[in-house]
Amino acid sequence: MVRFFFAGANRWVWWGDPNIDQDEDFNFGFYSEFSRDVDAIAYDAETYLPVWSAGNDRGTTDSPPSNGHIGHVFVVNGIGFISNRDRPNDELANGGYDMITHYSVAKNTLTVAATEDVVGGYNGAGSVAMSTFSSWGPVDDGRIKPDISANGVNLTSSAVNGGLLTISGTSMAAPSVTGSVNLLREQYENLIGDADDVLASTYKALTIHTANEAGTSTGPDYRFGWGLMNTLTAANLIAAHGNENSLPHIKEVTLPSGDFVEFTVVAVGGEPLKVTTCWTDPEGTVPPAALDANIPALVNDLDLRVASNGTTHFPWRLDPANVAVAATRNSDNDRDNVEQVLIDTPVAGQDYVIRVEHKGTLVDDDGNEAPQKLSLIISGNVIEEAPVLQVGELFRTGPTEFTAIFETVVGGEYDVETSTDLTSGSWTTAMTGVLPTKDVSALVLPTNGEAKKFWRVIRKK
């Protein structure tokens with residue numbers, strides 16, 4: 001219930017709609033036009049990551065004082081109406097949960113909660129203190145919001161007069177995260193290459209993947225999100241990734257509808273094997289205005305799983321019907337466009353197959369069948385050399401076509417070239433921008449019926 005002091009009439013303004021509910025503002029957790037619009041912008045600009053504060057609606061500041069309270073003004077369609085109804089404080093009604101609104105509800109934002117500073121340094125779950133004001137999820141369809149946490153209590157920043165100002169709020173935590181993400185972008189630029197082309201979902205996945213555990217149980221929750229941002233850990237993962245040609249830790253993959261992503265990693269052992277995927281999802285449909293409208297905003301439902309020796313490991317999943325219960329990992333997550341599999345004690349030297357598939361048909365923002373770009377972050381895996389780049393098999397599959405099979409690096413990009421005369425040194429591009437989704441790719445290569453033709457594969461990324 002959003003309230004603030006309306007000085008002109010000495011009243012508090014309530015922004016709920018009494019035609020929907022007399023006591024609670026339906027906008028809390030609601031996938032609104034604001035949510036949809038920011039998702040649409042992010043989908044069209046795939047390298048743009050909106051960072052948004054979770055809001056400061058928890059705590060006593062959201063309740064009118066006992067003195068001077070002579071009624072409410074509630075606003076419907078921009079028109080204010082006076083009401084003497086005593087509306088309850090939402091934190092008391094919902095235990096502090098279900099208090100995130102509008103842009104922060106969007107799927108493609110990085111929504112930031114505010115914590116207190118960690119006195120004495122971080123030392124594990126439970127050591128991070130939640131602020132008294134930061135808004136908690138879930139949102140109405142049960143997605144994990146906020147996404148990440150950062151210090152937002154008594155932060156010092158520049159002021160408009162050129163001086164310094166120390167204040168608290170999720171609007172202090174969100175700029176901190178924004179600056180940290182930009183430092184990661186700079187790290188990527190310095191160590192790997194052009195950061196302008198990196199997907200926004202990659203930075204979001206990297207931020208979530210490397211966060212420190214927060215709260216009282218392992219895994220995400222509706223208060224801290226995926227944990228406390230750890231910029232150093234994320235920067236170190238970029239550094240470890242940057243020196244290798246096998247793309248061991250960061251992968252960007254294009255998944256065609258009806259296909260799947262699958263590749264194998266080897267566990268280091270002695271540390272968890274963790275895999276995080278994130279994708280920028282097309283904007284959802286705004287449901288009819290209702291209190292706690294549990295209508296999925298997710299459009300493209302991808303499923304991350306990791307398998308080894310007959311055991312399948314599933315991603316984290318929260319239960320919006322039991323908001324304070326720890327996350328589970330015993331089934332698919334069909335709500336979030338961020339999924340993470342954590343294997344606590346993998347077997348050293350053992351193969352683990354990472355697979356991303358999807359339900360239904362993948363579509364774009366117009367509803368037409370289309371591939372979905374996704375990001376994958378992996379840690380706890382052995383860094384292996386990229387396979388030798390060569391066409392392992394080439395055989396005729398039709399009067400004017402061949403099929404070539406070669407080992408690939410998932411997340412890489414390849415061109416296929418042809419020549420009819422090796423002595424000339426002339427090569428012609430037959431296929432460009434081949435984006436493999438598996439360890440081994442099979443390509444159908446058209447030919448014009450030449451008596452002889454040579455093929456070669458070039459790796460571009």
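**View 1. Cavities of the structure.** Three cavities of 30 Å³ or more are present in the structure, a cavity being a set of points, on a 1 Å grid over the protein atoms alone, where a 1.4 Å probe fits but cannot get out; a volume is the space filled by probe spheres set on the points, which are joined across faces, edges and corners. This is a predicted model, in which local features need pLDDT of at least 70 and side-chain atom pairs count only at pLDDT 80 or more, while totals for chains, interfaces and linings use all residues. Residues are numbered from 1 along each chain as its sequence is written, and side-chain values use heavy atoms, with hydrogens and water left out.

**View 2. The largest cavity and its lining.** The largest cavity holds about 60 Å³ of space, and its lining residues, which have an atom within 4 Å of a point, are K107, R143, I144, K145, D147, K204, W226, D336, N337 and V338. Six of these lining residues are charged, three are nonpolar and one is polar, where Ala, Val, Leu, Ile, Met, Phe, Trp, Tyr, Cys and Pro count as nonpolar, Asp, Glu, Lys and Arg as charged, and the others, Gly among them, as polar.

**View 3. The second largest cavity.** About 50 Å³ of space lies in the second largest cavity, whose lining includes A42, Y48, L49, K107, N108, C278, W279 and T280. Helix α4 (residues 200–209) gives the most to this lining, with three residues; helices (H or I, at least four residues) and strands (E, at least two) are DSSP runs, numbered from the N terminus. By class, the lining of the second largest cavity has six nonpolar, four polar and two charged residues.

View 4. S134 lies in the loop between β6 (110–115) and β7 (148–151), and S134 is buried, with a relative accessible area of 0%, where buried means under 20% relative accessible area (1.4 Å probe, protein chains only). Not counting residues up to four places away in sequence, S134 touches G55, R58, A113, A114 and T170, a contact being heavy atoms within 4.5 Å.

**View 5. The largest nonpolar core.** Of the 45 residues in the largest nonpolar core, V112, I148, V177, V181, L184, Y203 and L206 touch the most other members; such a core is a set of buried Ala, Val, Leu, Ile, Met, Phe, Trp, Tyr and Cys residues joined through side-chain atoms within 4.5 Å. Elements that give two or more residues to this core include α3 (170–191), α5 (231–242) and β15 (338–343), and α3 gives the most, with six residues. Leaving aside its neighbours within four places in sequence, V177 is in contact with V51, L110, V112, I148, A150 and M229. A second, separate core of 23 residues includes V253, L255, L298 and L376.

**View 6. The largest pocket.** The largest pocket has a volume of about 580 Å³, a pocket being an open set of points with protein on both sides within 12 Å along at least five of seven lines. Of the 27 residues that line the largest pocket, Y188, D197, E252, G411 and K461 are the closest to its centre. The elements that give two or more residues to the lining are α5 and β10 (250–255), and β10 gives the most, with five residues. Ten charged, nine polar and eight nonpolar residues make up the lining of the largest pocket.

Methods:
Buried means under 20% relative accessible area, exposed over 50%, partly exposed in between (1.4 Å probe, protein chains only).
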